[in-house]
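Work through the exercises below with the sequence and the structure side by side. Try each task before reading its solution.

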Amino acid sequence: MILSSARAGKRIVAVGNHGIVLLSDTDGADFRQAKSVPVRSTLTAVIFVDDKTGWAVGQWGVVLRTDDAGESWTLQRYDTSVDQPLFSVWFRDRERGLAVGLWSLMIATVDGGKTWTPISLPPSPGRKKADRNLLKIFANRMGTLFVAAEQGMILKSYDGENWAYIDTGYKGSFWTGIVLNNGTLLVGGLRGTIYRSTDDGRSWRKAKSEFKSSITDFAEAGGKVYAAGLDGVFLESSDHGATFTGSQREDRLPFTAITVNSVGKLVKFSKQGVVKDPPNEPSK
């Protein structure tokens, strides 16, 4: 199972179960395993800030860093004292980054991941403490940060230290999010729900889609927005995420991640690894 993918220059790097890291230098036509990965715990997210430097996070609070485009990785953080996985990671540059996870876990680094400091979040609305699972962290071009979270909540920060909750009106979990090239924000999650903001997250409206399969990832390419979903559902939008149309694979293969390759084509991943298109080609 692959859970996240990213571009390191022209290379595609994908991570998933059992510490697997797959690399492709052929725009997704074929993949190979990275040479050195020091953990076997599930990796849930990966990000790169340039052609070589990237991070991956996962179960047991694991943080890994690579400086050779994913060929080899070094362990920067590992916490077996509590099973508190990290679900998402974001870096502003090679030094400053944040990672988020279970039970409002948020950690920050200013030295490229050598050391990580917990960030104390304010109590969730109606609660005495911060207790929402934080599932996807992402940022706009101005550096404003957003976190897609449980129970329809979005967290927002201008500096990465002071955070506020935004109630979208939805009560289910948001699993993923993206900022489009025109600044529009999209978050997606349970039962095919996609919410959209055109005012930097101050207000949100539900996007139109006929599908009810949970959304796992977004991508933008060629003037269109794409959303990957469970149950073999794949959506696209030509109006910056206001409405989505889609299709469903006959085999119901659960999509988990998508990346745009160096020539603008989509590479898809699933609970069974790399997805081969068209569907009559077996995924492996």
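**Exercise 1.** State how much space lies in the largest pocket, and describe its lining.

Solution. The model is predicted.
Step 1: the space in the largest pocket comes to about 1500 Å³.
Step 2: 44 residues line this pocket, and those nearest its centre are S5, K136, T176, G177 and D217.
Step 3: sort the lining residues by kind; 24 are nonpolar, 13 are polar and seven are charged.
Step 4: find the strands involved. At least two lining residues come from each of β1 (2–8), β5 (43–48), β9 (86–91), β13 (134–139), β17 (174–179), β21 and β25.

**Exercise 2.** Describe the sheet that contains β21 and identify its edge strands.

Solution. 
Step 1: read the strand order, which is β21-β22-β23-β24 in an open sheet of four strands with antiparallel pairing.
Step 2: look at the ends of that order. β21 (215–221) and β24 (245–248) are the edge strands; each has a single partner strand, so one side of each has no neighbour in the sheet.

**Exercise 3.** Follow β21 into β22 and describe how the two strands are joined.

Solution. 
Step 1: count the bridges. Six of them pair β21 with β22 (residues 224–229) in the antiparallel sense.
Step 2: locate two of the residue pairs. A219 has Y226 of β22 as its bridge partner, and E220 stands opposite V225 in β22.
Step 3: inspect the connection. The two strands form a hairpin with two residues between them, and G222 in the turn has a positive phi of about 60 degrees.
Step 4: check the burial of β21. Six of its seven residues are buried, with under 20% relative accessible area as the cut-off.

**Exercise 4.** Describe the second largest pocket.

Solution. 
Step 1: its volume is about 300 Å³.
Step 2: 17 residues line the second largest pocket, with A108, T109, V110, D159 and E161 nearest its centre.
Step 3: β10 (97–101), β11 (106–109) and β12 (117–118) each supply at least two residues of this lining.
Step 4: by kind, the lining has seven nonpolar, five polar and five charged residues.

Conventions: Residues are numbered from 1 along each chain as its sequence is written. This is a predicted model: local features need pLDDT of at least 70, side-chain atom pairs count only at pLDDT 80 or more; totals for chains, interfaces and linings use all residues. Side-chain values use heavy atoms; hydrogens and water are left out. Two strands pair if DSSP finds at least two bridges between them. Buried means under 20% relative accessible area, exposed over 50%, partly exposed in between (1.4 Å probe, protein chains only). On a 1 Å grid over the protein atoms alone, a cavity is a set of points where a 1.4 Å probe fits but cannot get out, and a pocket is an open set with protein on both sides within 12 Å along at least five of seven lines; lining residues have an atom within 4 Å of a point. Grid points are joined across faces, edges and corners, and a volume is the space filled by probe spheres set on the points. Ala, Val, Leu, Ile, Met, Phe, Trp, Tyr, Cys and Pro count as nonpolar, Asp, Glu, Lys and Arg as charged, and the others, Gly among them, as polar.
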